[in-house]
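Hello,

Here is the structure I promised to pass on to you. Please open it alongside this email, and then read on for what turned up.

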Amino acid sequence: MRDTLLIAVYAFAGAAATGLAGAAVLRLIRRRSLTASLAVVAAVGVVAMLAGTLAVAWAMFLNPHDLTVVTTVVAMAAVVSMATALLLGRWVVARSRELAAAARSFGDGGNFAAPDGPTTAELHSLTRELAATSARLAESRERERALETSRRELVAWISHDLRTPLAGLRAMSEALEDGVAADPDRYLKQIRTEVERLNDMVGDLFELSRIHAGTLPLTPTRLSLYDLVGDALAGADPLAREHGVRLVGDHIEPVPVEVDGREMSRVLGNLLVNAIRRTPADGTVSVAAERSAEGVVLSVTDGCGGIPEEDLPRVFDTGWRGTHARTPPAGAGLGLAIVRGIVEAHQGRATVRNIPGGCRFEVVLPAAAS
């Protein structure tokens with residue numbers, strides 16, 4: 001029993017010394033290829049066995065013949081172990097390089113394509129993460145392209161909408177200045193109208209800039225949708241009469257909501273103005289508000305004839321104005337973008353879908369706590 005314990009102690013001492021040396025070597029080559037690290041690990045296992053055997057032999061527990069036999073066996077094991085480690089290392093490194101090349105492709109703006117062939121569990125997990133990251137980057141690039149397109153369209157349309165009234169203002173002011181205006185009062189009234197229109201456009205741009213910057217100030221108060229919709233219908237009634245459009249609001253539930261009354265009135269006003277201008281004379285614009293499983297649903301339905309399916313995802317984009325983009329009543333294409341920004345600031349969402357004869361805009365808001 002005592003001899004067995006001594007053999008174990010000597011063998012452990014020799015193997016431990018080899019292990020410490022191997023750890024030091026691994027630390028020195030930690031920035032080198034994985035193949036070198038695997039070779040060191042394989043060598044440590046074989047050399048540790050040999051060191052333990054030599055320590056036991058030095059303690060006179062093995063005769064020279066037995067030591068030669070054991071050394072020969074260990075040497076053969078070392079050859080096989082080193083060859084296996086080198087092959088495994090080269091395979092893992094090759095797969096790592098393929099993965100790095102694939103990752104570089106989507107980093108340069110392409111899509112990630114996972115390399116073919118089997119990989120280790122760790123590399124397979126990394127491949128899945130890179131594929132998910134590539135998908136998110138593709139979505140981000142698509143959103144960036146859409147935002148850039150919207151920005152360019154907005155600049156072009158704002159420039160167009162500013163140039164026309166400014167040219168008119170300049171012509172009318174020069175006519176008044178030169179005293180050649182046939183009806184100065186009419187000119188002054190028209191100048192006031194154009195200035196108010198420009199002021200509204202600047203106000204929309206300022207509102208949109210605050211929404212995009214996340215600095216839109218909100219003062220939520222408990223309101224009834226019945227009162228909110230009633231005020232919005234009263235405000236839009238003159239425009240509806242001018243266009244010969246009927247306003248209907250006969251399905252309004254008195255549902256309480258926690259919203260900023262001023263901003264939500266702007267949402268309703270923008271939706272109603274948009275619906276009235278797109279609905280032909282003798283058409284109907286209806287407003288409804290009801291409670292649902294998702295919260296409170298506020299809807300505005302018009303008779304515009306529908307929106308092309310390919311344009312539906314862009315309806316709430318900044319600067320989008322549909323097929324009537326160049327007509328003066330269309331505005332700068334900011335109304336619906338402001339609607340979405342205000343609704344999302346209230347933790348809600350704004351959507352649109354086609355219905356027979358027109359389209360339906362829906363605003364979903366969280367219901368007020370009971």
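Let me start with a lining: four of its residues are nonpolar, three are polar and four are charged, and it belongs to the second largest pocket. Please keep in mind that this is a predicted model.

To find it on your screen, select R143, A146, L147, S150, R151, L154, L208, H212, D317, T318 and R340, which line it. Which helix gives the most to this lining? It is α4, with six residues. Both α4 (121-178) and α5 (184-213) supply at least two residues each.

Next, have a look at α5 itself. At 1.5 Å a residue, its 30 residues should span 44 Å, and the end C-alpha atoms are 43 Å apart, which agrees. The buried residues in α5 include Y187, I191, E194, L198 and M201. L208, one of the pocket-lining residues, is also buried. Just after α5 comes G214, with a positive phi of about 70 degrees.

Now for the rings. The structure holds one aromatic pair. The ring centres of F316 and F361 are 5.9 Å apart and the planes lie at 85 degrees, so the pair is edge-to-face; the cut-off for that label is over 60 degrees. The pair links distant parts of the chain, with F316 in the loop between β5 (295-301) and α8 (335-345) and F361 in strand β7 (residues 358-365), 45 residues apart. Are these two residues buried or exposed? Both F316 and F361 are buried.

Last comes helix α7 (residues 261-278). Its 18 residues reach 26 Å from the first C-alpha to the last, close to the 26 Å expected at 1.5 Å a residue. At the start of α7, a side-chain oxygen of D260 comes to within 3.1 Å of the backbone nitrogen of R262. Among the buried residues of α7 are G261, M264, V267, L268 and L271.

Enjoy exploring!

Best wishes

Methods
Residues numbered from 1 in each chain as written. Predicted model: local features only at pLDDT ≥ 70, side-chain atom pairs only at ≥ 80, totals over all residues. Heavy atoms only, no water. 1 Å grid on protein atoms, 1.4 Å probe; cavity = no way out; pocket = protein on both sides within 12 Å on 5 of 7 lines; lining within 4 Å. Helix = DSSP H or I, 4+ residues; strand = E, 2+ residues; numbered from the N terminus. Nonpolar A, V, L, I, M, F, W, Y, C, P; charged D, E, K, R; others polar. Phe/Tyr/Trp six-rings, centres within 6.5 Å; stacked < 30°, edge-to-face > 60°. Buried < 20%, exposed > 50% of the residue type's maximum accessible area, 1.4 Å probe, protein only. Expected span 1.5 Å × (residues − 1). Polar contact = N/O pair within 3.5 Å; in protein donor to acceptor, adjacent residues only side chain to side chain.
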